Number of protein chains: 2
Amino acid sequence: MRPVLASIITIGDELLIGQTIDTNSAFMAQELNKVGISVHRRLAIGDVWKDIWQSLDEESKLSNIILITGGLGPTADDITKPLLCQYFSGRLIVDEAALNNVKIIFEKLNRPLLERNLKQAEVPDVCTVLQNKRGTAPGMWFEKDGRIFISMPGVPHEMKGMMLNDVLPMLQTKLQLLPIVHRTLLTAGIGESFLAERIKEFESSLPTNIKLAYLPNYGMVKLRLSATGNDAKTIAELEALFDMLKQQVSDVMVIDEDISLQEAVGRLLISKNKTVATAESCTGGYISHLITSIRGSSNYFKGSVVSYDNEVKENILNVSHQTLETMGAVSEDTVVQMIKGTLHNLKTDYALATSGIMGPDGGTNDKPVGTVWVAVGNREKVRTHAFHFRFDRQRNIEMTAHNALNMLRKFILEA
Amino acid sequence: MRPVLASIITIGDELLIGQTIDTNSAFMAQELNKVGISVHRRLAIGDVWKDIWQSLDEESKLSNIILITGGLGPTADDITKPLLCQYFSGRLIVDEAALNNVKIIFEKLNRPLLERNLKQAEVPDVCTVLQNKRGTAPGMWFEKDGRIFISMPGVPHEMKGMMLNDVLPMLQTKLQLLPIVHRTLLTAGIGESFLAERIKEFESSLPTNIKLAYLPNYGMVKLRLSATGNDAKTIAELEALFDMLKQQVSDVMVIDEDISLQEAVGRLLISKNKTVATAESCTGGYISHLITSIRGSSNYFKGSVVSYDNEVKENILNVSHQTLETMGAVSEDTVVQMIKGTLHNLKTDYALATSGIMGPDGGTNDKPVGTVWVAVGNREKVRTHAFHFRFDRQRNIEMTAHNALNMLRKFILEA
């Protein structure tokens, strides 16, 4: 059986001037892969008639399924719908269900309905309408010359609902799909090239239906094995190879699932029935944000004190005035005292503390930009580490957060 | 003069399975636009020889400049460099400067140099080498049939350095570029279609060299006017039109620059010489993270108490036990007390507090998922608002954060 290939076309000038980061494509690609559709190409183009038309011609030569997002809004620069109507030789008609949906949404918002909003309920008479339960613009499903074309709104929340509720089930029903099964593990503390060196014999011995990928992320590397097919034999083969891989990297493995570091830390805390809080200076609440992005994190996370100002370190975290004066806020003594203050005041089993200089300003000869002290601890013990990052502000914050979470994970494991 | 068009090709299987969100393209597009190069198409493809080759053929028919990122790593799946070498009929030679750079980096990291790392210093003899000051893989600049092809590493931090230090200056020198000038304003509290209705006469009266774009973002809408050319006449025309636009949306305008809401709030605080702190329950530190993403935020931001657990609300923010028991954590009384506790304990001029249910768990009939109380205040006054979002956890957090920051901004303006 030949693989089903998809192209994703995202439409919108905002993608080409860089005002918007395209998160839609990653979500769509993930979900398509899960049902066995390989994304072959992703293309972003502007709200330009001939560019969109040309992309439909081109991508339908290369892929079986063409997914299109964007350009369905109510404003003049949104031309996707009339273009699709002409491309598939249809004419626009009002879809009663879509019209009803638009009316209900505006009633809820208590806003008057404008002519241009009503127009959102119009669809080409040659498509299957995908109702939008989260917004006003309906999706459209076209078929032509054995190719499927699916148009969805560009608003991520609306697109996601439509993908999960309609597009994926319809594709699964329509096509006989050979799924792609992934097994992923996360490593930390070893570079991509050293990992590759270590497992090069394993890699070269892989059968043709199983592929290995290296996915570096915040100084960690994910290793992913992907098999085509989910029959018992393929799965057994994949699992056996995954076990071999795990053995070869056991000393640097964080977790053998495709989850984030913060989720791995959360699971560990739940399994030990323990709680944690953070005291963040330089990370400014980013670690707390990562932890609370996980549903159910209130079961093990009590809170954070973002002590950006030294006064807050003193008043809320009991860091001594003298330490701040003599050693400075970015020092081992300070993060150790932040741990103690957090354990005491937020009454948790574990605490994590950060203090550093993220840049671009604030560096000195002694403590240049990128100098960070991290501490993790419980009532018995505190472990500290000094990092020296050489990135920009945003990446220094991210690297500190991920390294600190990994220190916390190791500390809990060993405690 | 005809516009200079660029295509961006990002290479890597991780982009096609959705494991990585492509932030590189947005950065590159922004920077290219600033020097007057319009991005025409963005294409993401896998580490597949024939797909990369075909994309080079195709994009060079459509664009003057082809920027390529990714596939330059030291592992077996990175095939961009040998492919480019063959595509431009070159042969690989060692670049002494690149080799020296690799050696220095490994010396600093105190790691042994592997054969595959040394190979990173090899480049085709038909390119201009772009030295990588932030990593081991050098960039490459090729010219063929009047087209420029630039290959850069996919690591965002490395690509950014190379774009800013080498690629953009070299493009500006090489080409005579007509810049594109943008004027952007941010609105809040009005939908895209209502904005469009309000300014439709303005929009239809725009000259052909000036374009208007609507850029919705977290319930706010950015309006951007773009002019081609930076001669005095064009700039004067753009400024006059931007003034007209500002007048028409003055009641809903947040700021008349292309900066984020958190940066606008920061500037406002600096201009008034005031400080702020946040008390975050449901937003879990995300507002604090947004504020501290801005360089220099330590001048006006003292910190945050992420009071995820009710104990922390009581112990650190002085919220009364009785209020939490009778009214619940998600209540107007709670966020008002959180404001008072924050002003008192963190000693700031302003405070912002959030408490809500972000989902997917924790909703009740009375307080379904998406119910959020936000308060902003100073010593004289507290203002509260209840929101009801209907999104997923991540977006509920983001919407709460942005709406809360906008409430804070308005409060400071009126104080």
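Me: Which residue in E2(B) does Arg41(A) stand opposite?
Reply: Arg41(A) stands opposite Ile45(B) in that strand. Keep in mind that this is a predicted model.

Me: OK. How many bridges join E2 of chain A to E2(B), and do they run parallel or antiparallel?
Reply: Five bridges link strand E2 (residues 37-45) of chain A to E2(B), and the two run antiparallel.

Me: What is the bridge partner of Leu43(A) in E2(B)?
Reply: Leu43(A) is partnered by Leu43(B) there.

Me: And within chain B, which strand does E2(B) pair with in the parallel sense?
Reply: That would be strand E1 (residues 4-11) of chain B, which pairs with E2(B) over eight bridges. In that pairing, Ile8(B) has Arg42(B) as its bridge partner.

Me: How many residues of strand E2 of chain B are buried?
Reply: Nine of the nine in E2(B), residues 37-45, are buried, so the strand is largely enclosed by the rest of the structure.

Me: Let's zoom out. How many residues of each chain are in contact with the other chain?
Reply: Chain B has 71 residues in contact with 72 residues of chain A.

Me: Which strand gives the most to chain B's side of that?
Reply: Strand E14 (residues 301-307) of chain B does, with seven residues. The side of chain B that touches chain A divides into 28 nonpolar, 25 polar and 18 charged residues.

Me: New topic: what domains does the assignment give for chain A?
Reply: The assignment lists domain 1 (4-174), domain 2 (180-255) and domain 3 (261-414).

Me: What distance separates the centres of domain 2 and domain 3 of chain A?
Reply: Taken over C-alpha atoms, those centres are separated by 31 Å. The contact takes seven residues from domain 2 of chain A and eight residues from domain 3 of chain A.

Me: Which elements give two or more residues to the domain 2 side?
Reply: Strand E9 (180-188) and strand E12 (253-255) of chain A. That side of domain 2 divides into six nonpolar residues, one polar and no charged.

Me: Last one, helices. At what angle do the axes of H13 and H15 of chain A cross?
Reply: Roughly 45°, with the axes of H13 (residues 310-317) and H15 (residues 332-346) of chain A coming within 9 Å.

Conventions. Residues are numbered from 1 along each chain as its sequence is written. Chains are lettered from A and ligands numbered from 1 in the order in which they are written. This is a predicted model: local features need pLDDT of at least 70, side-chain atom pairs count only at pLDDT 80 or more; totals for chains, interfaces and linings use all residues. A residue is buried if 20 or more other C-beta atoms lie within 10 Å of its own, exposed if 12 or fewer, and partly exposed in between; C-beta atoms are placed from the backbone. Helices (H or I, at least four residues) and strands (E, at least two) are DSSP runs, numbered from the N terminus. Two strands pair if DSSP finds at least two bridges between them. Two residues are in contact if their C-beta atoms, placed from the backbone, lie within 7 Å. Ala, Val, Leu, Ile, Met, Phe, Trp, Tyr, Cys and Pro count as nonpolar, Asp, Glu, Lys and Arg as charged, and the others, Gly among them, as polar. Domain bounds come from an automatic or database domain assignment. Axes are lines fitted to C-alpha atoms, for helices over the stretch in contact, and angles run from 0 to 180 degrees between N-to-C directions.
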